[in-house]
Amino acid sequence: MKALKILRFPLFFIVVVWAVTSCKAPAELPKVIAKPISTNRLLKKVEENSFNYEYLTIKNIRCNFSSSDSKTTFKINLKSKQDDQILVSISKLNIPVGRVLLTPDSVKYVNYIDRQFFVDDYTFLSSFLHIDVDFGTIQSIISNNAFSYRNDPKNRDYRTFKSYIESNMYVLQSEKERKIDKLDEKNNIDKIERRLKRLDDQAFIIQRMFFEPAGFALTKLELDDKTNRRNMSMTFSEFVQVVGKDYPSSMNMNFISPEENINMRIKLSGFSTEEVSSFQLKIPEKYEQIHVK
């Protein structure tokens with residue numbers, strides 16, 4: 001029962017929401033030398049080479065989860081219809097544990113172990129992670145596409161992004177190094193607060209995305225929350241050709257904060273782009289609704 005406790009905790013639910021990518025059999029990416037290009041050109045290339053789908057099913061997602069005081073393994077089945085909904089089914093030892101249904105407007109989570117359910121918009125996820133998480137953010141991760149943590153619908157915030165090459169990878173970074181150094185100094189708290197107010201943000205976060213130069217696939221994502229001393233990183237590897245695009249079949253996620261240290265290793269198989277007929281999530285009448293602040 002101790003191994004199942006983490007499956008009941010809201011933090012596990014947050015991690016599962018982030019754990020959505022797909023695969024077939026792994027292969028190495030072709031070796032290409034990265035040549036300097038503009039930020040706009042890099043964004044265009046990433047968009048052109050992102051995984052575009054109407055329907056997506058991942059039948060077998062194997063997850064190894066560890067935190068500061070717990071370890072467990074579980075399976076996930078994912079179904080997605082682009083721009084409409086994402087259904088995640090969670091099981092352990094072939095026993096249904098929970099389901100998460102994401103739509104552009106809502107998040108629904110049913111906990112079969114404790115007979116509880118949760119219904120909200122993306123406010124809880126955003127406030128916990130201190131970034132603007134919404135349906136589009138999660139869909140971008142599924143598509144192996146670029147996104148901004150500020151989630152500006154007009155992408156105006158990409159104007160602050162800098163692009164460069166590091167270890168033969170293209171990097172998109174949300175702030176320029178000189179500005180980071182100035183804001184990160186101990187005596188510049190006032191400057192940080194003024195910048196956050198101008199951007200309508202609650203935390204000073206540095207976002208970096210790494211793209212390989214052959215097919216511009218996303219290989220690493222970093223979010224460094226300097227205000228709350230939290231850091232999340234996701235690495236994508238063992239790429240394969242899926243619908244003519246390089247796509248990762250393995251993912252590793254780390255979330256580090258003063259309160260918690262979480263790692264999630266994920267392997268994926270059973271990939272399909274055939275039409276999905278049902279995204280069913282029923283909430284039994286006797287289940288208790290919970291509210292998470």
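Leu93 is placed in the loop between β3 (85-92) and β4 (95-102); helices (H or I, at least four residues) and strands (E, at least two) are DSSP runs, numbered from the N terminus. The model is predicted: local features need pLDDT of at least 70, side-chain atom pairs count only at pLDDT 80 or more, and totals for chains, interfaces and linings use all residues. Residues are numbered from 1 along each chain as its sequence is written, and side-chain values use heavy atoms, with hydrogens and water left out.

Phi of Leu93 is near 55°, a positive value in a residue other than glycine. Phe216, in the loop between β9 (205-211) and β10 (218-225), likewise has a positive phi, near 60°. Leu93 counts as exposed because its relative accessibility is 74%, whereas Phe216, at 10%, counts as buried (buried is under 20% relative accessible area, exposed over 50%, partly exposed in between; 1.4 Å probe, protein chains only).

## The aromatic pair

The structure holds 1 aromatic pair, with ring centres of Phe, Tyr or Trp (its six-membered ring) required to lie within 6.5 Å. Tyr170 and Phe216 form this pair, which is stacked at 5.6 Å centre to centre and 10° between the planes; stacked denotes planes under 30 degrees apart, edge-to-face over 60, and tilted the rest. The pair links distant parts of the chain, since Tyr170 belongs to strand β8 and Phe216 to the loop between β9 and β10, 46 residues apart. Both Tyr170 and Phe216 are buried.
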